[in-house]
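This report goes through one structure, from the confidence of the model to its strands, cores and aromatic rings. Keep the sequence and the 3D view open while reading.

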Amino acid sequence: MDAAQLWAGGFVARTEALASVSDGAGRSGGVLRARVAGGLDLEVLPDRGFDIGAACYSGWPLAWVSPVADARPLDVPAGDAWLARFAGGLLTTCGPENIGPPTGRAGLHGSHSHRPGRPVELRSGVRDGRPFVLLAGTVDYAAVLGPTARLDRVIESTVDERGRAVLRVADEIVNEGPGPFPAAVLYHVNLGAPLVRPGTAIRWPGTRRTEREPCPAVPDPSTMPEPTDQLTESVVAHTGPRVDPDGRVRVHVIAPDGLTVEVAWTADTLPYSYQWTVPTRRRWALGIEPASAPLFGPDRAAADAGIPAVPMGTVRRHELTLTVTPPGVAGR
């Protein structure tokens with residue numbers, strides 16, 4: 001598909017997914033641009049929890065861009081207000097108070113992506129003969145009459161020896177007390193066209209699938225369907241995925257032309273796995289979503305909603321890796 005076909009087919013929501021000009025101010029008041037030759041071109045958003053916005057590979061969008069253009073952070077993301085400022089992007093971090101539907105104490109998907117982050121290190125260069133960029137930042141979770149914690153994030157982008165673009169996101173949740181810190185985290189990895197198109201395969205390793213509710217427009221979550229004009233979505237839990245010897249779960253998203261994105265994460269600290277599929281024209285999206293806590297199902301009915309607690313004075317670590325393999329390159 002070329003750009004005209006992507007737009008005419010309804011596979012992108014806004015023209016900015018195909019062509020844009022940035023003056024550096026960005027969608028939420030600040031953007032860090034990180035580009036690696038032969039690899040990824042990224043927007044990192046300090047004012048939105050140090051998440052990742054637009055991402056391109058070989059000049060084409062990799063990340064999904066939503067129809068929401070106003071990406072200013074909310075002061076209090078209560079109820080479903082999170083959706084009104086969900087502009088998409090490659091990585092949207094959900095939590096730490098809650099993931100999933102609003103509860104009595106927290107809104108949809110929590111507050112992380114509406115909290116400001118502080119850049120602490122920005123570095124680029126050539127290491128072992130390969131170009132790289134590294135961006136490190138901190139996001140505070142603090143209240144006067146509540147616990148104090150922070151998320152320290154390192155984002156690193158490079159190109160490996162096979163010519164594959166590699167993106168690593170390493171997070172540490174540091175509980176500075178008092179008391180335990182509940183840490184519900186879900187990583188919304190949002191992928192869009194042209195990687196995601198009708199016939200794109202989503203390969204989960206040996207999982208059992210549970211749909212949150214039936215979605216006739218997505219008859220088989222392992223294959224992107226034809227687009228529909230119906231506004232609908234599919235949310236599926238994948239249980240029992242194969243864990244590789246290095247302790248990671250790996251999912252492959254494979255376009256009909258062979259372009260492949262591998263999403264991998266630490267299985268011990270992100271034991272829940274979800275897939276979000278939106279087959280609607282102008283909303284067309286695929287989300288791969290590892291999580292530390294349940295999004296729905298019986299585990300969420302527990303008194304603590306299945307949310308893990310980080311003891312005072314300790315650190316919880318999550319790591320996520322995306323590897324982009326162009327058509328014809330071995331290593332998938």
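Leu-40 has a relative accessibility of 2% and so counts as buried, a term that means under 20% relative accessible area, with exposed being over 50% and partly exposed in between (1.4 Å probe, protein chains only). Leu-40 lies in strand β2 (residues 40-45). Strands here are DSSP runs (E, at least two residues), and helices are such runs too (H or I, at least four), numbered from the N terminus.

This is a predicted model, in which local features need pLDDT of at least 70 and side-chain atom pairs count only at pLDDT 80 or more, while totals for chains, interfaces and linings use all residues. Residues are numbered from 1 along each chain as its sequence is written, and side-chain values use heavy atoms, with hydrogens and water left out.

**Confidence.** pLDDT is the predictor's confidence in each residue, from 0 to 100. The protein chain has a mean pLDDT of 91, and 95% of its residues reach 70 or more. Over residues 25-29, pLDDT stays under 50, and the model has 17 contacts for them beyond four places in sequence; contact means heavy atoms within 4.5 Å. Where pLDDT is low, the predicted coordinates should not be read in detail.

**Around Leu-40 and the cores.** Leaving aside residues up to four places away in sequence, Leu-40 touches Ala-34, Cys-56, Tyr-57 and Val-324, among others.

A nonpolar core is a set of buried Ala, Val, Leu, Ile, Met, Phe, Trp, Tyr and Cys residues joined through side-chain atoms within 4.5 Å. The largest has 57 residues, of which Leu-90, Leu-191, Leu-195, Trp-265, Ile-288 and Leu-320 touch the most other members. A second, separate core has 20 residues, including Ile-99 and Val-235.

Two strands pair if DSSP finds at least two bridges between them.

β15 (residues 248-254) pairs with β12 in the antiparallel sense over three bridges. Among the partners, Ala-201 is bridged to Ile-254 and Ile-202 to Val-253. On to β16 (residues 260-266), β15 is joined by seven bridges, again antiparallel, with Arg-248 bridged to Thr-266. The hairpin of β15 and β16 has five residues between the strands, and Gly-258 in this hairpin takes a positive phi near 100 degrees. Six of the seven residues of β15 are buried.

**Aromatic rings.** Rings of Phe, Tyr and Trp (its six-membered ring) pair if their centres lie within 6.5 Å; planes under 30 degrees apart count as stacked, over 60 as edge-to-face and the rest as tilted. The whole structure has eight such pairs. Two of them are listed here.

| Pair | Centre to centre | Angle between planes | Type |
|---|---|---|---|
| Trp-64 and Trp-276 | 5.4 Å | 75 degrees | edge-to-face |
| Tyr-141 and Phe-181 | 5.7 Å | 10 degrees | stacked |

Trp-64, in the loop between β4 (60-61) and α2 (81-84), and Trp-276, in strand β17 (residues 272-278), are 212 residues apart. Trp-64 is buried at 7% relative accessibility, and Trp-276 is buried at 11%. Ring pairs link Trp-64, Trp-82, Phe-86 and Trp-276 into a cluster. Tyr-141 and Phe-181 are both buried.
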